[in-house]
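I opened the notebook to write down what I looked up in this model. The entries follow in the order I made them.

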Amino acid sequence: MRALFLDVLRELEAEVRALREEQDEADRPEESSARITLLGQFSLFVDEEFSRQVPLIATADVDALIDASWPVRSAFVRVLNKRGLEYDELSSEVWIPPDSTFLVLWESEVLRCEYLSPLYCLLSKAVKAPEKNRRLILQGIQIFGDELRKLINHHGGDILFFTSER
Amino acid sequence: MTKQKFERVVGFFVAKGLLVAPQITPRPSVKLDVRDVLAAADEEPRVMEVFPAALIHFPRTFQHQERLPEALGEIVERIRKNLPTGRDYKGISYKKMRHWATKELRDRRTKPVGEKKVMRSYRLSPAAYEKLRAHSEKQGVTETALLEELIRGI
């Protein structure tokens with residue numbers, strides 16, 4: 001999945017560069033550098049270490065914050081659609097915990113893509129969508145242990161929901 | 001449930017583009033017991049998120065549909081009728097479940113809910129029918145296509 005996403009970004013980079021050339025030729029102000037922040041399940045998918053340890057399943061919608069012009073945004077959506085994925089227009093509603101850390105997936109002069117680190121992605125899911133993510137959080141606790149447990153409790157989540165017998 | 005059964009269920013949804021799971025082999029042609037799907041959804045709620053869409057688009061895949069919980073059956077019917085609101089189910093919002101039924105899938109034999117044709121039969125006078133038949137033949141379209149075009153122009 002990381003390879004698929006790198007492919008998405010490679011294609012998007014080419015589109016952004018093409019847009020910049022067009023703007024140059026038309027003497028229009030240059031497109032500023034585009035920034036994409038992956039959230040949700042796909043931010044776990046692209047983390048090599050985490051996805052190696054935890055088999056992941058996702059619906060086909062990608063949560064991401066897009067800080068870019070409308071043409072670049074449309075290009076991103078189009079590039080996702082080509083691969084059977086869609087952009088979740090409600091991505092801005094995803095809760096990003098305070099002090100979240102992000103990891104860089106792609107960086108160039110025209111495009112930067114980061115993703116929410118697995119620890120904080122799991123925290124977000126544990127606090128805001130515990131029922132949907134119980135199995136995943138349990139697996140996350142096995143990896144991150146007390147660090148994740150403390151964060152969940154600190155941010156109003158219920159650790160017992162995940163750890164008690166059902 | 002066994003890992004094999006779980007992967008069989010998820011594999012079907014992956015094959016139809018409803019789920020993404022790189023480690024699971026796509027299974028486009030399996031028959032699935034509704035009870036196995038419900039069990040898989042207990043382990044992975046994302047299965048539940050797309051199950052109504054799969055039931056609507058691929059009904060022949062699912063056996064023992066009489067085992068569907070009543071609440072879930074009602075949700076499926078509301079989605080089938082493209083109703084904008086309905087009850088959430090086991091932490092999955094109706095909106096999300098409906099969304100997947102309205103999405104165009106990679107299996108081109110399916111149509112998103114809201115685009116499925118509605119069957120009606122109308123009695124036409126012989127003269128009206130003859131006119132419809134002659135015009136559709138002249139334009140090289142089906143009678144249905146011609147009717148739809150005429151209605152769009154209203």
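I looked up the contacts of Val76(B) first, leaving out residues up to four places away in sequence, and found that Val76(B) touches Pro52(B), Leu55(B) and Ile56(B). Two residues are in contact if their C-beta atoms, placed from the backbone, lie within 7 Å. Val76(B) sits in helix H4 (residues 70-80) of chain B. Helices (H or I, at least four residues) and strands (E, at least two) are DSSP runs, numbered from the N terminus.

I noted that this is a predicted model, in which local features need pLDDT of at least 70 and side-chain atom pairs count only at pLDDT 80 or more, while totals for chains, interfaces and linings use all residues. Residues are numbered from 1 along each chain as its sequence is written, and chains are lettered from A and ligands numbered from 1 in the order in which they are written.

Is Val76(B) buried or exposed? Val76(B) has 22 C-beta neighbours inside 10 Å, so Val76(B) counts as buried. The cut-offs are 20 or more other C-beta atoms within 10 Å for buried, 12 or fewer for exposed, and partly exposed in between.

Next I turned to helix H5 (residues 118-128) of chain A. Nine of its 11 residues are buried, so H5(A) is largely enclosed by the rest of the structure. Among the buried ones I listed Tyr120(A), Cys121(A), Leu122(A) and Lys125(A). The buried residues of H5(A) pack against several elements of chain A, including strand S7 (111-116) and helix H6 (134-144).

I then checked where chains A and B meet. The contact takes 18 residues from chain B and 10 residues from chain A. On the side of chain B, the largest share, four residues, comes from H3(B). That side divides into nine nonpolar, three polar and six charged residues. Ala, Val, Leu, Ile, Met, Phe, Trp, Tyr, Cys and Pro count as nonpolar, Asp, Glu, Lys and Arg as charged, and the others, Gly among them, as polar.

I also found strand S2 (residues 58-59) of chain A joined to S1(B) by two bridges, and the strands run antiparallel. In this pairing (DSSP must find at least two bridges between the strands), Ala58(A) stands opposite Val20(B).

Last, I looked up the domains of chain B, whose bounds come from an automatic or database domain assignment. Chain B is given domain 1 (3-101) and domain 2 (117-154). The centres of these domains, taken over C-alpha atoms, are 37 Å apart.
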